[in-house]
Amino acid sequence: MRVFPFFRRKTDLREEIESHLKMATADRVARGESPAEARRAALREFGNVPLIADVTRERWGWLRLERLTQDLRFAMRQLRRTPAFTITVLLTLALGIGANTAIFTLVNSILLRNLPVADPKMLVRFGNENDCCVSGETEDSGNYSLFPTETYELLKQNLPEFEELAAIQAGYGNPPIIARRDGTQEARSAMGEFVSGNYFRTFGLQPRAGRLLADTDNLTGVPMTAVMSYETWQSDYAGDASVVGSTFWVNTKPVTIVGIAPKGFFGDRISSTPPDYYLPFESMPVLANVPYVHEPHTRWLYIIGRVKPGVAMGALRDKVNVLLRQAFSAIPALYKTTELAKVHVVLTPGGAGIQQLQEQYSSQLHLLMWIAGLVLLIACANIGNLLLVRVMSRRAELCIRTALGAVRGRIIRQLLTECVMLACLGGLAGLIVAYAGAEMLLKLAFPGAANVPIRVSPSMPILGFACALSLVTGILFGVGPAWIAAQTQPVEALRSGARTRAASASRLQRALVVLQAAVSLVLLVGAGLFSQSLNKLQSTDLKLDTRNRYIVHINPQTGGYSQTQLDALYRTIEQGFHALPGVKNVGICSYTPMEDNNRDDYVQIQGQPPSGKSASWVRSNSEYFDSVGTHVVMGRGIGVQDTPTARTVAVVNQTFVKEFFKQGSNPIGQHFGPEPATTGDFEIVGVVEDTVYTSVYWKNHSMYFIPMTQRPASWKRPLEHDESVYAGAIVIETQRPMNDMEKLTRTTLAAINPNLTVEQFERFDQQISDRFTEERMISRLSTLFGTLALLLTSVGLYGVTAYSVAQRTPEIGIRMALGAGRGGVVGMVMRGALIQTVLGLAIGIPVALICIRYVKAQLYEIASADAQVITIAIATLAAAACIAGMIPAQRAASIDPAKALRAE
Amino acid sequence: MLILKTLQWGEQHGYGISQAIRTTSGEVLQVETGSLYPALHRLERQGWVKAEWKQSESNQRAKFYKITKLGKEQLASDYERWGKMVATIEGIMTARRGDA
């Protein structure tokens, strides 16, 4: 028994026909014809053997499948016969599809993904803003996303529509916590998130080990507990089962680890620093020494809940708003009647968690998607062009096939098969490019983050996206050439040989090249603008010095120091680092230039009307200005004489002077304070340059600097509750680059106190460069894509020009025979190429100018494309066009007229 | 129908069928191989004929077709329809002007 009846039938048919022919031949031989002649006559009588076989087989209904495999094999053979074409198309496709899939991978994992929790669709978040982190003020818009503890508790008690309602610390990890396992010496800086007891229950999660938090953990006075994340358990404690139930010293207080969170759970939001520990928020006053957990007016919690099935959202929202107003009306000092009327909350889907990162990156990702889409457009045009040229050069072959009885539909199907096959292969190659690319994008977007909870591993939607994209592309560039091929009249084509050209084909080709040139120009201008923007950002004079400077972030508070011990601690730190050979300056401050931090307050100058303006302020020690490279331009900096008991002084920056004093007046000796009643708080003793803090984008940033531990007499809050005296960073300036500075820093600090751990150690220039990550990513990628577009366009232009030269060889031969010079021929070919480029420019320039409007928000101090960027883009494109046109032009000029005419 | 009729006289191969139709029709009808084989395969799929490999009288291996019971019924009904049609056409052709 044969396995494949289909193949048996096929050989059967062949045999049947053969036997028919043999018998017919035999009859004729019997009638006296010669065997050869008899065979020929029999064949003639029979007709077109393969066609009849085909038509016969059609009766079986198998033919469709058979044709498909035939077409596939034929396409494979065709592609292998022209490796240069195949490789060009595959590369073009791989890059086009790869870039798109890479971007989509990132988009998918950042913008579209739900949290890895049970039934994310049922989660509802209260609020749509990413306000952070602690606020004691009202919202002008009345739209609230951040809530006080008491409001949360009121909502929880009165909303039976929710199965669970959880509260989450909005600004977790700021500052990080310090965790040390009992019995070990090493204290680690870690991310701790303070949450309500039902946090894990709300997300419907099961513990990996031990148990998760319960409502009984979130009570004041109970033994403190925490849940560790799976990733931390694995990476820091090698999955040691005895971690569960053991005691950890969190910010020097004992906490029991009750369990491990499930694998893959990265918290309620995507972050490059996901929580390592989940702690009940009632333990926050003890652990983090914050006063606000039960302050009725302080809003610091996000609320997310799981609704019961069938709850109507409109009615729920109204009920929540009523409850919210009721809660806020308990604080009449802050929420006056007019304020109260505005109070409302927007209920948003909570399945994706808190969308901070999504908001931060969405504009960039969308921009990148556009850029990648344009590159794909160029790639498609290019492939369309290449296929068109290929079909045209195969016209003779197609005509012969038509003449031999090939059905037009079959030819189109064959061409389409070839295209789809190319697209699929390209899609496959693109997928490889995509994974490498997405990995690269992720590294560009989150440099140095070890635990980004974004996986770029294969997932079905991405695979589907790539396949759909490659198929659409295949059909897109398959239809054009196939349609033209179908219009071929066999007789006409056979008759007139190579001279006929399908006018529509050449018009389509030229249109494609013009389109490519236009899109390339847009991308090149974009690349130019983003590079220019990045250059401008990076070359901004930050009024600081990064040479041989290191920034060490610390937190004496989590290290167990009380406010009264700090002055002595700072002296010890200064002495400890000065004891190291090569250390020049040891600055101590609350935060450093160019880091994501800010603290500000109102400023009221003594003897001036109320200003209503505010300024940022930083506490620092005497060596701080030197250690970051800020120059004192007037008076003096902060000195060693500015002890807690001395006169309270401040050093202001030049913008501060401009902002608060009349031009020409001397600020030295003037006094100011945060309120009209306390204008005597600080005496200005010096003025420094405008070193950039927080962000380059923050212009006219008035600042003042005060000594680390000085406190004006008017300050009501006792020292024990003044968080501002805690240092945030040490800045070390050395005489020469020191590679072992990080190790030295750690040992120096550990020698002072093992709980004084390093939160982060960076070179100063690294810290600054980290602030430009997004801009650098956009600039690099737009340049990359711009170059890619230029390359593809050049290939396209070359292809079209080379094809037209090949087509016109006899014509050029005649021209040259009639006396046309080589220069003339080169000029003629180049003119053709350049006209397309110029047309592309004519379309591209206005489009580019319009597009700038949409990316302006992402550019630094660039409102419109300057002449330089446009000129460079045009020049680059023109140069590429010249090169692409020159090669075929040279070939045209070297045509030997005699040979060309003989070929006719 | 002609193929089926031919097969009623006994099993036959493709070449034989075309020869038979030609001779019995007095060289008037020539069956194109281009229609014969597709037709045979269609009949086979419809179950009106059965095929079998056998040696022919000239000792040539050939595929012989045999009419089935279903095929015979089909032939009968086809023939009847044909007869009706011929009669109808005949009626039209022999009708005299004004009769209708």
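In this predicted model, seven bridges connect strand β2(B) with strand β3 (residues 61-67) of chain B, and the two strands run antiparallel. Within this pairing, Val49(B) is placed opposite Ile67(B) of β3(B). The strands belong to an open sheet of three strands in chain B, ordered β1-β3-β2 and paired in antiparallel fashion. Its edges are formed by β1 (12-13) and β2 (49-55) of chain B, each of which pairs on one side only.

Chain B is also in contact with chain A. To this contact, chain A contributes 14 residues and chain B contributes 17 residues. On the side of chain A that touches chain B, the elements giving two or more residues are α1 (5-30) and α3 (49-58) of chain A. Helix α1(A) supplies seven residues, the largest share of that side. By residue class, the side of chain A that touches chain B consists of seven nonpolar, four polar and three charged residues.

The largest nonpolar core comprises 96 residues. Those with the most contacts inside this core are Val375(A), Ala379(A), Leu521(A), Val525(A), Phe785(A), Ala789(A) and Leu877(A). Helix α12 (residues 356-393) of chain A makes the greatest contribution to the core, namely 18 residues. When residues up to four places away in sequence are left out, Ala789(A) touches Val375(A), Ile378(A), Val519(A), Ser520(A) and Leu523(A). Val375(A), one of the residues touched by Ala789(A), is itself listed among those with the most contacts inside the core. Another core, of 66 residues, lies apart from the largest one and includes Leu165(A), Ala261(A), Ala327(A) and Phe328(A). In soluble globular proteins, nonpolar side chains tend to be buried together.

A further position considered was Thr592(A), which is located in the loop between β14 (583-589) and β15 (600-602) of chain A. Thr592(A) is classed as buried because it has 28 C-beta neighbours inside 10 Å, where the criterion for a buried residue is 20 or more. Contacts of Thr592(A), not counting residues up to four places away in sequence, are made with Ile551(A), Val628(A), Ala729(A) and Val731(A). Leu416(A) and Thr592(A) lie 176 residues apart along the chain, and a distance of 62 Å separates their C-alpha atoms.

Terms used:
Residues numbered from 1 in each chain as written. Chains lettered and ligands numbered in written order. Predicted model: local features only at pLDDT ≥ 70, side-chain atom pairs only at ≥ 80, totals over all residues. Pairing = 2+ DSSP bridges. Helix = DSSP H or I, 4+ residues; strand = E, 2+ residues; numbered from the N terminus. Buried ≥ 20, exposed ≤ 12 C-beta atoms within 10 Å, placed from the backbone. Contact = placed C-beta atoms within 7 Å. Nonpolar A, V, L, I, M, F, W, Y, C, P; charged D, E, K, R; others polar. Core = buried A, V, L, I, M, F, W, Y, C linked by C-beta atoms within 7 Å.
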